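Please look over the sequence and the three-dimensional model shown here before reading on. The report is meant to be read with both in view.

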Amino acid sequence: MTRITVAKGDGIGPEIMNATLAILQAAGAQLEVDEIQVGEQVYLAGNMSGISSDSWDIIRRNKVFLKAPITTPQGGGYKSLNVTIRKMLGLYANVRPCISLHPFVKTKHPNMDLVIVRENEEDLYAGIEHQQTDEVMQCLKLISRPGCEKIVHYAFAYARQYGRKKITCFTKDNIMKQTDGLFHRVFDEIAPTYSDIEPEHWIVDIGAAKLADTPEAFDVIVMPNLYGDILSDVAAQIAGSVGLAGSANIGEECAMFEAIHGSAPRRAGQNLANPSGLLQGAIMMLNHIGQAEVAERVQNAWLKTIEDGVHTYDIYKEGISQQKVGTSEFAQAVIARLGQQPTTLKAVSYANSKALELPIYQRKPAASKDLLGVDVFVHWTGTDPNELANLVGQLATPEVPLSMITNRGIKVWPNGFKETFCTDHWRCRFLPENGEPIDKKTIVRILSKATELIDS
Ligand code: NAD
């Protein structure tokens, strides 16, 4: 028996959760359920994060959370509950299978069957942004070695457990050589330890084009947060319907499972919604807690239901579908097929699936660090870089002269082009000519000269 936390959410949430729990129970899932309230009512009661501290305690105690979609109220100030839960619980892996159900659900890609493993905590989503000047905003892209190692190991261990043969890594390391470069390098380091799985790497732009055009060429794709956010929606959509996909958010301690769609408020309370997305999340949950046999029974019964043409309104098509049903009738149809296998669609086998066993991150010995120069960022509204060079050149010390000025990453001094467009945000780099490390006190000297210059 596994104790889980359940939130029925808002809009269509309660209907699809009740349908999902009815199917799990009929299939023999060994679950004890603690229900919590999250979402709209909690937000409107004045809690800006949509979740109370008692609910946090229950989620952290049970460690496994099945969550229906919630409504984030319109207007400012409300924090996204999903982002909060992901960050607070360290749910670093977002796993989204995208499988087409041809010929029963319309898709241009009948043979698509892939899983996107998205890094969930880092990248531009660290939420560290600054206004630098009047004209320039900055968002820091953080990619860490532990973050990369955890997600890449997760992707390989997932592929091995679910019998997948190939993992593709998407990055843009031809441009972001340090951040995406680290992600790619860690992928290359870890790949040989899973010799049964073929690794490959694509630059994300052409990789995304290939994914949209020929998704059947991919098996598992692992990528940093932003690319994963965008491309996991593209993949779910081209598989046939965003309404059919579930996702898992996995951390070292806790995990959260859900549908990828929202609370569809206009469909609420009418017994119309398709519970399949949440059911797919629940099946991932059963595998995660070691109830693989039940997961397999539910998935095969669900595939048979889709194959028999028992469809909710969102996937119903004259000529393909046999019967248009509501949420609870769909659940009853799945329950009636428990123990059956699909005949056209591929039946699944989840023999011995369980929570993945992953190595604990080992910090590498500290690298040696030298201070080689100083970058001073200047908010300056002039236009001629030579003029700025004369000004900030006064900050230099005899050993550490001004060596270069850039504007949005483009060198504008010395020998800049007058055609280069410049904003009010300038990076002035001070470097010794001999390339030798410099003293930390140089930073203080340069900055105190800068304040003197501003004051004069
Ligand atoms: P949505 O996913 O709720 O709806 C988009 C469209 O898909 C609508 O036409 C809807 O009727 C349809 N749809 C979605 N799920 C369906 C299902 N199971 N069966 C049949 N049709 C379905 O997206 P939205 O309208 O942009 O957002 C509505 C609310 O959901 C917003 O408050 C948003 O913040 C929230 N939201 C929550 C989550 C979450 O909790 N994980 C995710 C996305 C959006």
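## Model and domains

The structure is a predicted model, and the account should be read with that in mind. The protein is divided into two parts, of which domain 1 is made up of residues 1-81 together with residues 258-345, while domain 2 covers residues 374-455. Between the C-alpha centres of domain 1 and domain 2 there is a distance of 57 Å.

## Surroundings of the ligand

Around the ligand there are 18 residues, and the closest of them are Ile 70, Gly 262, Ala 264, Asn 274 and Tyr 313. When the residues of this shell are sorted by class, 7 are nonpolar, 7 are polar and 4 are charged.

Several contacts between polar atoms can be described one by one. A polar backbone atom of Asn 274, a residue already named among the closest, lies 2.8 Å from a nitrogen atom of the ligand. At Ser 263 a backbone N or O atom is found 3.0 Å from an oxygen atom of the ligand, whereas at Glu 258 a polar side-chain atom lies 3.5 Å from a nitrogen atom of the ligand. On its own the ligand has 820 Å² of accessible area, and the protein covers 64% of that area.

## The second largest pocket

The second largest pocket holds about 410 Å³ of space. It is lined by 21 residues, and those closest to the centre of the pocket are Asn 82, Arg 86, Arg 96, Glu 258 and Ile 260.

By class, the lining of the second largest pocket is divided into 6 nonpolar, 8 polar and 7 charged residues.

## The cavity

Rolling a probe the size of a water molecule over the atoms shows where empty space is left. In this structure there is 1 cavity of 30 Å³ or more, and the largest cavity has a volume of about 30 Å³.

The largest cavity is lined by Glu 119, Glu 122, Asp 123, Ile 143, Gly 147, Cys 148, Phe 183, Pro 224 and Asn 225. Sorted by class, this lining has 4 nonpolar, 2 polar and 3 charged residues.

Definitions and conventions:
Residues numbered from 1 in each chain as written. Predicted model: local features only at pLDDT ≥ 70, side-chain atom pairs only at ≥ 80, totals over all residues. Heavy atoms only, no water. Domains from an automatic or database assignment. Near = heavy atom within 4 Å. Polar contact = N/O pair within 3.5 Å; in protein donor to acceptor, adjacent residues only side chain to side chain. Areas by Shrake-Rupley, 256 points an atom, 1.4 Å probe, with all protein chains shown as cover. Nonpolar A, V, L, I, M, F, W, Y, C, P; charged D, E, K, R; others polar. 1 Å grid on protein atoms, 1.4 Å probe; cavity = no way out; pocket = protein on both sides within 12 Å on 5 of 7 lines; lining within 4 Å. Points joined across faces, edges and corners; volume = space filled by probe spheres on them.
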